[in-house]
Amino acid sequence: MTQVLQLPHYVRIYPQNLDSLKNDILSSKDSYVAVDTETTGLRWVEDRAFGVSLAWDDKATFIRNTDFGTANIGSLLTEIFKADYKTFVFHNCEFDLHMIRETYGALPPKNLLDTLRLAHLRDTGGPKGLKELGESIFGEVASANEKTIKMYMEQYHLKNYSYVPADFMDPYACMDTVLTKALAYLFLDELKVRPGHTQLIDMEHRLIPVIMAMEQRGIKIDLEYCSTLHRQLKSQQRDIQDEIYTIVGRPLELSSPKQLGEYFYDQLRIKPTIETEGGSRSTNVKALAKITHPVGSKVAQLILNWRDLEKLDNTYVQSYPKLQHKGRIHAHWNASGTITGRFSGSSPNLQNIPRKKEIRRLFVPDHEFFDFDYAQQELRVAAHVSKQQNMIDAFNRGVDMHMYTANLIWGSGATKDQRQTAKQTNFASLYGAGAKKLADEAGISYRQASSIFDQFWTSYPELRYYSETQLPKEISTRGYVRTLYGRRIHVAGKDSYKGVNYVIQGTCAEMSKISLFNVWEHLNQVGGNICNVVHDSIVLDEVDESSLPRIKEIMEDFTNSPYGRFNVPMVVEMKHSKKSWGDMSDE
């Protein structure tokens, strides 16, 4: 059982004026000042802070707009943020810094520390919420105030925290900053003794102004096209419904599992292949895909097509206009949202926009989009970390790696279809997938997939040793794997097959973050904006064409990275469009 630590003692103070508070903070012995906002909601484009909590030395306070005025609080924050001998600590700092800018007009301080980022580096799979972290380390005292407030809000049906009485709200707000400051000291002490983590801490924190600039600027959305596409998708759905009606001979409510079950399993007498947890006959994607019946198979496929259209419409076309503000989407990029260190996203998640042109056309440039994308980044890193020599040589010769693998498996002169299967095999090896997964994706038999894998591993023995022997041994000994830059990613013994993916994807994430910062610095000098980051690609706008070759060079150059030179070249490809994100071309 983990030992519960003692929460540092603090005194909650009640400042009579902001000048005395400013002097107290700036003359404090502690180099850390923790800051947190309490807000009316979670969307900084429309919600606002109604107060700010601060903690320093062994003191904490919560100052409200209604007591001191937003302009005066803004002046206080501006003055203390100028103190470059202080480090200002936040938990999920982009959120608070946006709120502080929009509510109080104060710009971010020079020295920032984010305990969310530190928590992620400390344990990529562990809790990230401030109260979760506090309770796991300091016990229930860390979350007691929150539980009280939630009960109060539920009892009186309060819309947000600004309606909670000060007797409940102020201690809660102060606890947030006390926890944040305590976690900062604790996490830094743990992380600085780990090899490479000083550089990782620096890398993650340098991205804060980059992410804030992306979020504040946003990306333009074509609202007229949203309406047009919505009508088109609904029209396609109606066509499918009409086709199903012709086949079935009566209307079917396609969103009703009950009606679909009655049609397939009662009327057509198809034996159900999957049951829900409650024991009902399933009509989910897997169940419908498994149907083999002269009539039922056709209807099942039409229903799956209808569902795809429904998902596109609900998830993207109808939801994005609700999230836009003055014609722009201000999404959030979370640098600590995945186990491997890749960005995740929310409101909306621009990381997982389908590659379908009709969906990406929702986003339009202010001038012209330029998309810089790493070519086969994960395979290149796999070749490097495993020291797979023939793969390294192939990349250095600039050959098509998927065709190269196809020729190793089937002999020289492999076909286009064999190249596609080789591509699926290349990536299956990086994700720890087996013959069954490959068989499903490639549409081949399990026996064929097994034979392909056997030939693949025979062709790449060093990669096989790295994936199946070296990393599992490290996981068994340490309980984690390490990226090339030193990030620890915990892996359970039963999940050791995930180790190779964690190392490769984690290393690629760090490379992309290094490039993101370097490109942002360059754009600050020559002009241009970063609109989006999708794993191994960066989307820019309003960039002078004369800057494009240099941006490509920056992204490909890792000779001065904390890790050093790679055994294979990193190659970046560029596409562009003045029309939309869905119309990108390399021409």
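Helices (H or I, at least four residues) and strands (E, at least two) are DSSP runs, numbered from the N terminus. The model is predicted: local features need pLDDT of at least 70, side-chain atom pairs count only at pLDDT 80 or more, and totals for chains, interfaces and linings use all residues. Residues are numbered from 1 along each chain as its sequence is written, and side-chain values use heavy atoms, with hydrogens and water left out.

A search of the whole structure finds 18 aromatic pairs (ring centres of Phe, Tyr or the six-membered ring of Trp within 6.5 Å; planes under 30 degrees apart are stacked, over 60 edge-to-face, the rest tilted). Phe453 and Trp457 form a stacked pair, 6.3 Å centre to centre, with 15 degrees between the planes. Both belong to helix 22 (residues 446-459), where 4 residues, or about one helical turn, separate them. An α-helix has 3.6 residues a turn, so residues three or four places apart point the same way. Phe453 is buried, with a relative accessible area of 6% (buried means under 20%, exposed over 50%, partly exposed in between; 1.4 Å probe, protein chains only). Trp457 is buried too, at 10%. Phe456 and Tyr460 pair edge-to-face, at 5.0 Å and 75 degrees. Phe456 and Tyr460 are also buried. Elsewhere, Tyr316, Tyr320, Phe363 and Trp581 form one aromatic cluster.

Charges also meet rings (NZ of Lys or CZ of Arg within 6 Å of the ring centre and within 35 degrees of the ring normal). The charged end of Arg101 sits over the ring of Trp44, 5.1 Å from its centre. Lys513 lies over the face of Phe343, 5.4 Å from the ring centre.
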